[in-house]
Amino acid sequence: MERKTRETNEIKVLPLLLLLLRMLPLASAYPQHRCEYEDYVLGRCRCVDINLSYCDETTYSQTVFPNPLGHRKREEAELGTEYLLLSVVETLLTSAGDTSRGYGGRSGRGDGGGDNQCHLEVRMLGCAVVTPRCEKDRPLRACRRVCEAVRGKCAGAFKAIDMAWPYFLDCERFFASEEEEKCYDPLEGLRVEQEEDLDYGLLLVEEDLSASLHFGYLSHAQMLTILNKTAERCSDGRELQAIEFSGNPGRHELLEPEVKYVGNMHGNEALGRQLLIYLAQYLCIEYRQGNHRVQTLINNTRIHILPSMNPDGFEGHRYDTWNIGRTNAQGIDLNRNFPDLASIVYRRRRQRTYRTDHIPIPDFYWFGKVAPETYAVMKWTRSIPFMLAANFHGGDLLVSYPYDLSKHPMEKKFFSPTPDEKVFKILARTYADAHATMAHEQAWCGSARDNQNGIINGAQWYSFAGGMQDFNYLHTNCFEVTVELGCDKFPPEEDLAVSWHENHEALLAFLEGAHRGIKGLVKDEAGNGIKGARVSVQGLRHDVTTAEQGDYWRLLGHGVHIVSATAPGYTKRVKRVRIPAVMRHAGRVDFQLQKAALEPGEADPWQEVATVVVDEDGYAAQGDYERFDPYNHFERYTAAATAARRQEQRAEMPWWWSFFVGSGGGGAPTWLLRKDD
């Protein structure tokens, strides 16, 4: 009985072995590390969806694993250095120059081998190998003639950045001759797009807004192209990283509030970046089409949109990871890099004259590591009289407001309100209530269980120092909140349209919130505006100051307020102001100040030469507001660091080497290093 069973098994197995042997000669033409034909027979290989974002422009939707590079599943391919190269190839091939890439980045146009399409064509070639085309559970190779044409055209672009032609784009090894087997053109989709004159899949079509917003992630270079195109249509066409919308762009208009949106402060939190790109396009298109709401908003508000504060972090992110790409290229968390002014407030809160506005930056701050992005945004914030702002993050679904640093002695999470707690709650409530789901009970998705239907005091959520919204409130006139857009920091592209529809009303409503409270002019007896006058509200230890022409804005809730205006060398004026519960526009409250009378022989105390006073804790005196990097530490530090980095790169590795080292995709890609010709 035992022998009969063994013979039966041998009879069943033998035909299968013969079948596999017959198929081996057919398999020899395909590179190694693929689905062998015995795998097909045994049902181990099947066509699967690609699901790799940088290969979603291929004309096919299914691939097969293992691929010709030996990646046995999608996750392995995604973590491979080959796919990483495809994700950054545009940045590399367009970064041969030293021109600026936003704040502290690197960009520009190389020669691209004479064609700026090289990065697209190289990416499509690479996708043909990393995600080979699959039809009827069989891989299909791309045509060798196409590979050879691209290499002939684009090899110069790789040479320009001192990079070798990638091994997996070896035309002989990984691509098929049309004489030997059926093959396909991997650039077919690009040629169709060129014929239709598509620009990064995104057009500003006046007639149809839905056709204008391409719901997919854009590289930094693509983002700049879109902002420039939007600027060309809707303003004066200057080259922009941050885009401005105003009835008269390029200058401050009297009594017109200045508002800013900042996205992508953490490079791996990408949704805010995309929403702000869509918002810029939306404002442009709707304004030109006569949308009354948008026209009213732009004609009466100067809106600044900075979609990406951290382009280096975004370019270095890895899809579906929590923290990679969070910091900038120097490894600095930008939302911990601003001056810690809240600690100064807490230290001085028992002093009779303490205040919470226009606190100078301590000199010792400049001795630390100040990120180029932080420095640039601080200078930008000080140069324009911003009065309202929001920065966009991911990781939860809520709006948080200052303070972010807890007043608890051990800095544990603890409710830590500003003097303007009521105003901040109104601002946060404006965004949360206008959002499609944020204000719903139990809508939170992260750790902020104590949020009040979508809003929370920052320190009550979790405490940290050096945040941007605390800096804005304590150093400038700007009231800033933080918008957390959801638990998924880098949602799939197919979810971007839903996210836009959930947020676009909230984005508009928050901008309209700049027109609440009061605004006005502080003038002298001759009618000239007084710069730097202080506007105070009784009971609130937080003043705002007037801009260059003497105009000011003070966000306030409804009710009766005692408001005063003072300026060096002038007498104080006080007014009683009533703000109705329902008010569509900021109330106009002007002040005219008289020169203070001096006794004979008395010197004007405001005209005395200012001296720098440092207290026992090493903080500059309150009156030393204008001191910004007084010893030029940042410039010297940046110049030294840049010189050292360039010297190190010249001596050791090309500048692009840092893109790949520590990528998690295996060993260092020495195959990208160019050998001496």
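This is a predicted model: local features need pLDDT of at least 70, side-chain atom pairs count only at pLDDT 80 or more; totals for chains, interfaces and linings use all residues.
A disulfide here is a pair of cysteine sulfur atoms within 2.5 Å. Residues are numbered from 1 along each chain as its sequence is written, and side-chain values use heavy atoms, with hydrogens and water left out.

Helices (H or I, at least four residues) and strands (E, at least two) are DSSP runs numbered from the N terminus. "Buried" is under 20% relative accessible area, "exposed" is over 50%, and "partly exposed" is in between (1.4 Å probe, protein chains only).

**Cys55 and Cys127**
- These two are joined with an S to S distance of 2.1 Å, and the torsion about that bond is about -85 degrees, so the link is left-handed.
- Cys55 sits in the loop between β1 (48-49) and β2 (62-63), while Cys127 is in helix α5 (residues 118-130), 72 residues apart.
- Cys55 is buried at 0% relative accessible area, and Cys127 is buried at 0% too.

**Cys143 and Cys183**
- Here the S to S distance is 2.0 Å, and 95 degrees about the bond makes the link right-handed.
- The pair is 40 residues apart: Cys143 in the loop between β4 (138-140) and α6 (144-160), Cys183 in the loop between α7 (171-174) and α8 (188-195).
- Cys143 is buried at 2%, and Cys183 is buried at 16%.

**Cys147 and Cys171**
- Their sulfur atoms are 2.1 Å apart, and the link is left-handed at -75 degrees.
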